[in-house]
Amino acid sequence: MNEKSHERKLTNLAEVTLTIGLNLQKNQTLNINADLDAAPFVRKVTEIAYKKGARNVYVNWMDQEISKLKIMYAPEKSLSEFPDWSKHRSEELIQQKTAFLSIRSTLPEAFSGLDPERVGTYMKAFALESQPISLARKTGIIAFCIVCVPNGKWAQKVYPRVTPEEALDKLWESIFKVTRVDCDEPVEEWKSHIGSLLSKVAELNGKRFKQLHIEAPGTDLILDLPDQHLWIGGGALTQEGLFFTPNLPTEEVFTAPKRNGVNGTVKSTMPLIYGGTAIEDIELTFKAGKITEVNASKGLETLKHLIDSDDGSPFLGEVALVPEDSPIAKRNTIFYNTLFDENASCHLAIGSAYPLCVEGGTNMTCEELNEAGLNTSITHVDFMIGSPDMNIDGIHPDGRREPLFQNGCWIKKN
Ligand code: ZN
Ligand code: ZN
């Protein structure tokens, strides 16, 4: 690895994270939730944030090994406990319009081999604890962004056939490539990428499709779309009108299917890492929106717990389209990390929809969202269904079909 060029790309990634990802403002506070393995990058981001005029940078360190010890040994009832001060901390930060950044460096199967019941309880408590922040995110009160950086174990999972050191270098290089910071003007590069996602969004919003029909081996799914549905991509606006990009990388355009309007079957095409467990070959059957049959070759118990989280978790909250010729898909790498894998593949999400996906949604109560056709749940977990064999049609209100995807890619119009 060339130290100097690595350092330059790391600086680029930090710059893009703060400028494009969070659109960090002068005098704004920044909160970073970070895994310990990400420490060098967290310091880099902190430095650049202060240089950009951040008021305060708070870092909330996390460690999956510590979480694992809790799941293994803590008394049953403490698994679903979380302290009030944690809630108050979130509320205070939200009130100050803090920018929320997650810098994750997760282990692909940190919780594998643990009791799925206890992992499920812990994950649910974690989702509940994060609720004030996820609500503030969904309603556009705060800007937020997630980026991921490598660690040795993760790198070896992605590149098992090279030495640990080579694997780590390779994963860094891949991440620099897919986050588009491997160039001289990364911020300009990002602006033009976001521009093209926004024009795809405008095109789809003009269509007013009634349904989407997704077909691939093992998948034959019809998704009704809410009347007032909106496609989203490239980023979002806070209520104060700041444009930010929540995921780096991002290649998707997405909307929400109608809560009770999903019918058919779907098969996943990549492993899903959820709650430190790999879930593979997911097969789901839907009737009137609800998951009625579940199967998986691996991680089935964990998947069942996820679907069982609450009233909304057996329903879908997102349908996202990503072409097979995106830079991430073209690398032909399974990252074992949803942030990257979801941006290489069309995906669906089990659980809540983003209120942004329906006209006026960010000002709606849960009941109003449900009425508008959107699902609500404490959980939102993406799983990947894209493949080079996937075809997708948009169906107009008069039944006319318009092909959108052929062989996994957008149909090019001339
Ligand atoms: Zn998505
Ligand atoms: Zn999602």
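Is Glu318 buried or exposed in this structure? At 2% relative accessibility, Glu318 is buried, where buried means under 20% relative accessible area, exposed over 50% and partly exposed in between, for a 1.4 Å probe and protein chains only.

The model is predicted, so local features need pLDDT of at least 70 and side-chain atom pairs count only at pLDDT 80 or more, while totals for chains, interfaces and linings use all residues. Residues are numbered from 1 along each chain as its sequence is written, chains are lettered from A and ligands numbered from 1 in the order in which they are written, and side-chain values use heavy atoms, with hydrogens and water left out.

Glu318 belongs to a metal site. Glu252 (OE), Glu318 (OE), Glu342 (OE) and His347 (NE2) coordinate the zinc ion (ligand 1) at 2.0 to 2.8 Å. Donors here are N, O and S atoms within 2.8 Å of the metal (3.2 Å for Na, K and Ca); water is not among the atoms, so sites may look incomplete. Glu318 also coordinates the zinc ion (ligand 2), which is 3.4 Å from the zinc ion (ligand 1). Because Glu318 lies in strand β16 (residues 316–321) and His347 in strand β17 (residues 347–351), the pair ties together parts that are 29 residues apart in sequence. Strands (E, at least two residues) and helices (H or I, at least four) are DSSP runs, numbered from the N terminus. His347 is buried too, with a relative accessible area of 0%. Along the sequence, the donor residues of the zinc ion (ligand 1) follow the spacing E-x65-E-x23-E-x4-H.

Elsewhere, strand β1 (residues 30–35) pairs with strand β2 (residues 57–62) in the parallel sense over six bridges; pairing requires that DSSP finds at least two bridges. Leu30 has Val57 in β2 as its bridge partner.
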